[in-house]
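Student: I have just opened this structure and would like to go through it slowly. Could you take my questions one at a time?

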Amino acid sequence: MSWNVSAWSIRNPTPSVLLFVLLTVAGLLSFGAMKVQNFPDIDLPTVTVTALLPGASPAQLETEVARKIENAVATVQGVKHIYTRLQDGAATITVEFHLEKPTQQAVDDVRAAVARVRADLPGDLRDPVVTRMDLAGLPILTYTIASERRDDEALSWFVDNTVSKALLAVPGVGAVARVGGVTREIAVDLDPHRMLAIGATAADVSRQLRRIQQDAPGGRTDIGSAEQSVRTIATVASADELARMSIALPDGRSVRLADIGSVRDTVAERRSAALLDGAPVVGFEVTRSRGAGEVEVAEGVRARLAALQAEYPDLRVAEAVNFVAPVEDNYEGSLRLLYEGAALAVIVVWFFLRDWRATFVAATALPLSIIPAFAGMYLFGFSINVVTLLSLSLVVGILVDDAIVEIENIMRHLRSGKTPYRAAMEAADEIGLAVIATTFTLIAVFLPTAFMSGVAGRFFVQFGWTASLAVFASLVVARMLTPMMAAYVLQPDVPHDDGRIMRGYLHAARWSLQHRAVATLAAAAFFAGSLLLVPLLPTGFMPPDDLSQTQVHVELPPGSTFERTLAAAEQARVLVQRNPHVVRVYTAVGGGSAGADPFVPQGIAEVRKATLTLDLTPREERRGTSKQEIEGALRQALAAVPGARIEVGLSGSSEKYILVLASEDGEALARHAAIVGRELRTLPGIGNVVSTSSLARPEVIVRPDFQRAADLGVTSAAIADTLRIATAGDYDQGLAKLNLSQRQVPIVVRLDPDAREDLALISRLAVPGARGPVALDNVADVSIGSGPAQIDRYDRLRNINFRVELNGQPLGEIEKKALALPSLRELPPGILQRTVGDAEAMAELGRSFAIAMLTGVLCIYVVLVLLFRDFVQPVTILVALVLSAPGAFLALWIAGLSISMPSMIGMIMLMGIATKNSILLVEYAIMARRDRGMSRLDALLDACHKRARPIVMTTVAMGAGMTPIAIGWGVDPSFRSPMAIVVIGGLVTSTFLSLLVVPVVFTYVDDAVQAMHRWWAPASVSR
């Protein structure tokens, strides 16, 4: 870009106007086409392997499945961590790769590794499913449906069939999953006494039904000069027909099903439930597909459900959980903050200039900087989300800066008696280098954040690019449109004398230059004093939010029945609904994944767990009461629920500290974990401490007598099959099916419910032997024992997780106190402590921000060297970075905030903003000495005189633009407010100190340059 582009634009206004018309239209069209999302869709190389072996214990899965798959995938290049969760019948292995690994290659490599060991895995194991982790795969909406005319089975099938088909046709809907309700099945409940009498087993009956009850192809024939297919149709259409069916027994006899048991068209055993404010309902969760916007999907889902409700008037559909509302609130609130910040910035401009024409020229820079930025965002594939809206709302005060500097300089030239045309030409040319330097300095600060490492860095890609695009657009406006508009809109002005404030400032600046040592020592003392505040500031990862949703997680001991879990969940619901801030409670027992943490490996649903999702009163209606205070009150109330582990808070929130202990020795690990758990609960101010240790479930253990079993020809596999089918039914793929017009209903054969509760009867079950059926207790010992209900593994070691609820306290402080506990400070041999979750992300983020800051400083220096063509004087400008830090730390300390992710973002922003003031001063001083032959003192005082006003104007405008964010207007301020407070605090001190200290530093640097010249000059002459 030529420095004279402003002059060209003034001489040729039409192309400039047309350019910005086109950019504005493109930006508006792009804004309308962009998706509104909560977070941007990012691609993380994390792969999940799910292996199912129904009925297998966690210990069996660990030995026969998990270790083999772990060892196979550990050889894949780029593996960072391996997380394994083993539950009853399911192994979930999550493989996290370093971010440099392409996601599709990670999926392919893991799939190939699993395929290599498939032959070594149990034959009954279902083929492991390899999938990539999708952050968009969690529900965004949960609805409940009820009807007085339909029973649970009809309502459940209506959700599975009609509702699912209707919603999956909505653009952007990725999945619809039912929660609660029941599933239809044909239950064949065998009479154990009759089975013993005929010497048959449930496995015999189930497999005979599988062979008989089926449709099968039979080939083709040529009959009547036509080719006809042959089909074998051996299915029945009802439970009554099935009961009349005869099956063959292993000894050649036959028997009717009705003679050995009851055949019922019923529903499967209830394993999950959904309730809305205590009333039983059928729930369904809606998940968006990758690339779709939450708001768009929600609108389509609501419209389709309204149409369904009109078509089926007996239905009552209610929205139980809404994770789209915070997205909508953030979108609308961010735009409102954008407007408020822009209006305050414009008011500041008018307050200083007191000229509506000049204010209008400066104000046009705001929309014409933001709107074209949307076009760039759309071309980059960005969406309107928390990150991009945050970026725009924070830079709104910056976007008018260049225009303010331009217009203020033009107004100064107007007051010297020049015409607007001539003033615009000369002022734009004079200020051009400073404006370009300040803009590219900001870009040099923002852009490195787009290349930060770690998971957080993936989110900040859109932050860095959005801010850079908007700032660059503001430069184009300031260099092309603002001077051109000023030349044709402004009117001549009369000279103005310096006011009292300006005269006082110039006196202070002269005093500082004449007493350089005192001024320098005072600034150094202020900086050193601010550094003493740093140890007093707590450290955290993410500040706790203040949204109007939270969750209560209820976990009962292993072995708890569905009915007991439902009762405990209802007891918890009654307690939480007594809180005046709880508006509605949606309960999911044994299912549902709304509100889960997408970064934490999830296992299968368990009947002993329930989740209560609470809608709280809106933030504006509970002034003075934070969500954390409500959650604290709920924890106290829920202490009355007996025998349950209770956690309060959304799983995906950053309000938990996760501590991991790992070891090869499971018993030693469990012993030490008990000690650690006791000490963790002594930490002051925390919420509940929940661990995965001591989760033992009751088991019926069958130990075969190998000698007697061999004598009778009974195998362990036969015993296992007999018991599995008799108590739970065959594997899904082995079940016979009843074919209906729209679905297949499974036929489940097992003992009747009363027999399954009688251990003595189970021990007398017949198992097949070489010479006929044999009673189980003749070849095996049946006893009651226990085993682990869940096994967690981390990087191929057994591990125990502790989840500590922060209860509003900073993560860094809790981590520091926890690691200082005696049991963690001195770990026994063989036990390792690992940092995962937010604590690991916080450490990674700290390193990333440090690199981004150093990179930003280096980029600023490079930009200044290229623009000023000097290697030494840019050091003067970088002093502003040091001068801005005291205010930032002081502001955090006064506000009682921690050093966290948002405050670090504010520090990065502050780096670019603070250098703007120094650039304006130093650039003018250099120009005055070089072009006007002024002495150093006069040039510095003239720079202070000419540039103090635009420096103060831009500072106040930026501060005003961020004030709504800092004081928490509108949407939840928990993330935005620390950034704005850091920037405002740093701006105040950096502006004040820059106006007095930067000229002093300039003289020291200039003295050093002169000394270097004197030292090098004789050497160069001698050569």
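Tutor: H3 passes H4 in a right-handed crossing, a term used when the near helix is turned clockwise from the far one by less than a right angle, anticlockwise being left-handed. This is a predicted model, in which local features need pLDDT of at least 70 and side-chain atom pairs count only at pLDDT 80 or more, while totals for chains, interfaces and linings use all residues. Residues are numbered from 1 along each chain as its sequence is written, and side-chain values use heavy atoms, with hydrogens and water left out.

Student: At roughly what angle do the axes of helix H3 and helix H4 cross?

Tutor: Helices here are DSSP runs of H or I with at least four residues, and strands are E runs of at least two, numbered from the N terminus. Axes are lines fitted to C-alpha atoms, for helices over the stretch in contact, with angles from 0 to 180 degrees between N-to-C directions. The axes of H3 (residues 58-73) and H4 (residues 103-117) come within 9 Å, and they cross at roughly 130°.

Student: Which word describes how H3 lies to H4?

Tutor: Angles under 35 degrees count as roughly parallel, over 145 as roughly antiparallel, 65 to 115 as roughly perpendicular and the rest as oblique. The crossing angle is roughly 130°, and that makes H3, relative to H4, oblique.

Student: How many residues of the contact of H3 with H4 are nonpolar?

Tutor: With contact meaning heavy atoms within 4.5 Å, Lys 68, Ile 69, Ala 72 and Val 73 in H3 meet residues of H4 including Val 110 and Arg 116. Ala, Val, Leu, Ile, Met, Phe, Trp, Tyr, Cys and Pro count as nonpolar, Asp, Glu, Lys and Arg as charged, and the others, Gly among them, as polar. The contact has two charged residues and no polar ones, and the number of nonpolar residues is seven.

Student: What percentage of the residues in the protein is buried?

Tutor: The protein has 34 helices and 30 strands. Buried means under 20% relative accessible area, exposed over 50% and partly exposed in between, with a 1.4 Å probe and protein chains only. Of the 1023 residues in the protein, the buried share is 55%.

Student: Is Asp 795 buried, partly exposed or exposed?

Tutor: Asp 795 is found in the loop between strand E28 (791-794) and strand E29 (797-805), and its phi is near 50°, a positive value in a residue other than glycine. Because its relative accessibility is 29%, Asp 795 counts as partly exposed.
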